[in-house]
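Subject: Handover of a protein structure

Dear colleague,

Please find the sequence and structure below. I would be grateful if you would read the notes that follow with the structure open beside them.

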Amino acid sequence: MGGARTKRMPRAVREQQMLDAAVRIFGRRGYMAASMDEIAELAGVSKPLVYLYLNSKEDLFTACIRREATALTEAVRAGVRTDLPADRRLWDGLGAFFAHTAAHPDAWSVLHLQARTHGEPFAAEVAAMREEIVAFVTRLVAAAAREAHRAPDLPEHEVAGLAEALVGAAESLAVWANTTPGVTARQAASTLMNFAWSGLGNLMQGSTWTPPADPTRECG
């Protein structure tokens with residue numbers, strides 16, 4: 001005789017709903033200031049249900065880091081076509097990175113700011129994501145260098161430092177772009193592309209900058 005029975009939401013869907021709320025709260029308030037009450041309220045569930053699904057605040061934060069790290073790395077990989085020229089591969093990769101971080105600023109705050117500043121195991125989760133992205137960029141740069149120099153055996157470690165520098169610059173620029181009104185993902189990608197490719201392009205052509213001689217050492 002009662003009303004229609006409420007359809008039960010699948011556990012996986014409910015859990016993603018909780019993670020969505022948690023990323024928003026953690027990203028905007030920080031890990032320490034965020035409360036499980038706020039997260040439960042935003043997710044539209046009870047706090048005991050959050051604990052039932054995700055055990056603790058620490059486990060919830062770790063789950064957020066893992067989900068957002070996977071989403072970012074997959075976005076960067078999906079944005080790059082390896083059959084295109086080297087400059088286009090780099091441009092597409094940067095574009096995918098900045099588009100994703102711009103579209104998910106709370107997630108980027110969780111990954112780049114919150115997780116790194118609250119110790120293990122959170123920092124280790126982000127470090128693993130960063131290593132994967134650096135390895136991917138290293139392969140892209142190495143492939144371009146091999147093509148340019150017709151050196152198929154060029155080892156990846158020869159360009160590993162370039163990849164580290166490029167990823168570090170992208171991370172810092174994403175923070176700046178997300179906190180500076182009017183800066184689009186395309187503008188951020190263009191800024192880094194213009195900064196990086198002028199140097200990378202010269203390297204591909206075998207033109208490198210040489211530090212000036214140190215006169216103090218010559219006199220030693």
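Apart from its neighbours within four places in sequence, Thr-62 is in contact with Phe-122 and Glu-125. Thr-62 lies in helix 4. Its relative accessible area is 11%, and because the cut-off for a buried residue is under 20%, Thr-62 counts as buried. Please bear in mind that this is a predicted model.

The overall picture is as follows. The protein contains 10 helices and 0 strands, so that, read from the N terminus, its elements run α-α-α-α-α-α-α-α-α-α. Of the 220 residues, 39% are buried. The accessible surface of the protein comes to about 12,700 Å², and carbon and sulfur atoms account for 55% of that surface. Among the contacts with a separation of 6 or more, 68% are between residues 24 or more positions apart.

Helix 3, which spans residues 47-54, deserves a careful look. Which of its residues are buried? They are Val-50, Tyr-53 and Leu-54. These residues lie on the same side of helix 3, because they cover an arc of only 75° around the axis. The face turned away from the buried side of helix 3 carries the exposed residues Pro-48 and Leu-52. The buried residues of helix 3 pack against helix 1 (11-29), helix 2 (36-43) and helix 4 (57-78). Just after helix 3, Asn-55 takes a positive phi of about 70°.

From helix 1, the contact is made by Arg-11, Arg-14, Glu-15, Met-18 and Leu-19, and from helix 3 by Leu-49, Val-50, Leu-52, Tyr-53 and Leu-54. The residues of this contact divide into 7 nonpolar, no polar and 3 charged.

Finally, please turn to helix 6, residues 105-114. How many of its 10 residues are buried? The count is 8, so helix 6 is mostly covered. The buried residues of helix 6 are Asp-106, Ala-107, Trp-108, Ser-109, Val-110, Leu-111, His-112 and Gln-114.

Yours sincerely

Terms used
Residues are numbered from 1 along each chain as its sequence is written. This is a predicted model: local features need pLDDT of at least 70, side-chain atom pairs count only at pLDDT 80 or more; totals for chains, interfaces and linings use all residues. Side-chain values use heavy atoms; hydrogens and water are left out. Helices (H or I, at least four residues) and strands (E, at least two) are DSSP runs, numbered from the N terminus. Buried means under 20% relative accessible area, exposed over 50%, partly exposed in between (1.4 Å probe, protein chains only). Contact means heavy atoms within 4.5 Å. Accessible areas come from the Shrake-Rupley method with a 1.4 Å probe; for residues, only the protein chains shown count as cover. The arc is that of the directions from the helix axis to the C-beta atoms. Ala, Val, Leu, Ile, Met, Phe, Trp, Tyr, Cys and Pro count as nonpolar, Asp, Glu, Lys and Arg as charged, and the others, Gly among them, as polar.
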